[in-house]
Amino acid sequence: MTNKLLTGALAVAAGTAGLLAGLIAGPATSMVLAADKPATAVAAGWDKPAAARYLDSREVWWQGWDHDKRDHGTRCVSCHTQAPYALARPELRSVLGENGVSSSEQVMLADVEKRVRAWDTMLPFYSDEKYGEGKEIESRNAESVLNAVILASYDARKGQLSELTRMAFDHAWALQSQTGPDAGAWVWQDFAYTPWESKESQYHWAALMAMAVGRAPGHYCDEKKIAANVALIGTFLRGHYDAQPVLNKVAALWASASMPGLLSKAQETELAGELKKLQHADGGWSLTDLGTWERRDKTPLETRSDGYATGLIVLALEQNEIGIPEASRGASWLKANQDKTTGSWPAWSLNKNRDPQSDAGLFMTDAATAYAVLALEQAQR
């Protein structure tokens, strides 16, 4: 990342700070804090400042990338980079001595706020004309869920549901499928890119939406206005659970910690047993083992343990207080496999044999690093 790009991104952050008034409590802090924090912040066997530096640098890169630009001066909200970033980056705030959102978070949240508030005038991220029939509906549905998941995660830390987040939830509920075999879910963006934009993604993000609703403060989950919507999510997730790849079952397990009763105890126990069998000798898990995948370029899939699968599984097991020996071994793998130079965790594409150092080749690393941070922070509690 060049100094010019970093400077430009911070300048954009300063210019958009007004949009965030009342969204997140506390003054903004510069991402320089993450870079300059002394070695004493490296605790618990892994380098938290380095993880923050990696996540911030990738968010800044995303904000400067030409391909993600959308209407009204906004950017596409990415499943692989921004959504995991929003869930994980605040976890590192206290160890870095930050008093509020970082500059790169400000830019991301300003975009989300702008699109949520002007929802009816915003164009979908992808048009039917350019990308094929149905893409406008898919992208509109996906964005509504991503906005709600991101904003609710910040509100959960404040302990108060904001008017903006409630608005984002309303947009998502209006698009939730009400009838048919997929009632309770959202028509998801499908470009045949597993696991973010593929046929498996609908279930994955319905699970994360359930998690967002369950975590939303102020007993939002119990409001009568959304009772039918919440019931539909549960019906969808339970009804489609058995047909899901293990990866999606793990997502449902993660969500069940925030929405009790989503999975039965028998299902949780069975899944924990399956994950025990899939755990590698080194303590990690491989995303390749969590489904039946095939790369579009026909190259062999990577079979080594990765940060994406290991982070997500450790997180789900820890939050549900099951499979603790396996979760502990997984956490040890994460501590031992953080890249000492970049602060990231390794992961590889299920779709193509990408150069792992290329911009697109780092998308899975972005998510892996976010999930690793969440898992390791959870393991310390």
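**Figure 1. Overview of the predicted chain.** The chain contains 15 helices and zero strands, where helices (H or I, at least four residues) and strands (E, at least two) are DSSP runs numbered from the N terminus. The model is predicted, and local features need pLDDT of at least 70, side-chain atom pairs count only at pLDDT 80 or more, and totals for chains, interfaces and linings use all residues. Residues are numbered from 1 along each chain as its sequence is written, and side-chain values use heavy atoms, with hydrogens and water left out. Of the 381 residues in the chain, 58% are buried; buried denotes under 20% relative accessible area, exposed over 50%, and partly exposed in between (1.4 Å probe, protein chains only). The accessible surface of the chain is about 15500 Å², and carbon and sulfur atoms account for 53% of this area (Shrake-Rupley method, 1.4 Å probe; for residues, only the protein chains shown count as cover). Of the contacts between residues at least 6 apart in sequence, 72% join residues at least 24 apart, a contact being heavy atoms within 4.5 Å.

Figure 2. Gln 189 counts as buried because its relative accessibility is 4%. The side chains of Gln 189 and Glu 138 form a polar contact of 3.4 Å. Such a contact is a pair of N or O atoms within 3.5 Å; within protein, one must be able to donate a hydrogen and the other to accept it, and residues adjacent in sequence count only if both atoms are side-chain atoms. A polar atom of the Gln 189 side chain also lies 3.2 Å from the backbone nitrogen of Ser 139. Leaving aside residues up to four places away in sequence, Gln 189 touches several residues, including Tyr 126, Lys 135, Ala 142 and Trp 196.

**Figure 3. The cysteine pair Cys 76 and Cys 79.** A disulfide is a covalent bond between the sulfur atoms of two cysteines; here the criterion is a pair of cysteine sulfur atoms within 2.5 Å. By this rule, the count is zero disulfides. The cysteine sulfur closest to that of Cys 76 belongs to Cys 79, and the separation of 7.5 Å is too far for a bond. Cys 76 is buried, with a relative accessible area of 8%, and Cys 79 is buried as well, at 6%.

**Figure 4. Helix H14 (residues 324-336) and its buried face.** H14 has 13 residues and reaches 18 Å from its first C-alpha to its last, close to the expected 18 Å at 1.5 Å a residue; the expected span is 1.5 Å times one less than the number of residues. Its buried residues are Glu 326, Ala 327, Gly 330, Ala 331, Trp 333 and Leu 334. Viewed down the axis of H14, these residues fall within an arc of 155 degrees and therefore line one face of the helix; the arc is that of the directions from the helix axis to the C-beta atoms. The cover over them includes helix H12 (265-278), helix H13 (307-320) and helix H15 (363-379). Exposed residues Pro 325 and Ala 336 are carried on the face of H14 turned away from its buried side.

**Figure 5. Asp 297, in the loop between H12 and H13.** Asp 297 is partly exposed, with a relative accessible area of 32%. Asp 297 and Lys 352 are 55 residues apart in sequence, yet their C-alpha atoms are 5.7 Å apart in space. Not counting residues up to four places away in sequence, Asp 297 touches Asn 351, Lys 352 and Asn 353. The side chain of Asp 297 also makes a polar contact of 2.7 Å with the side chain of Thr 299.
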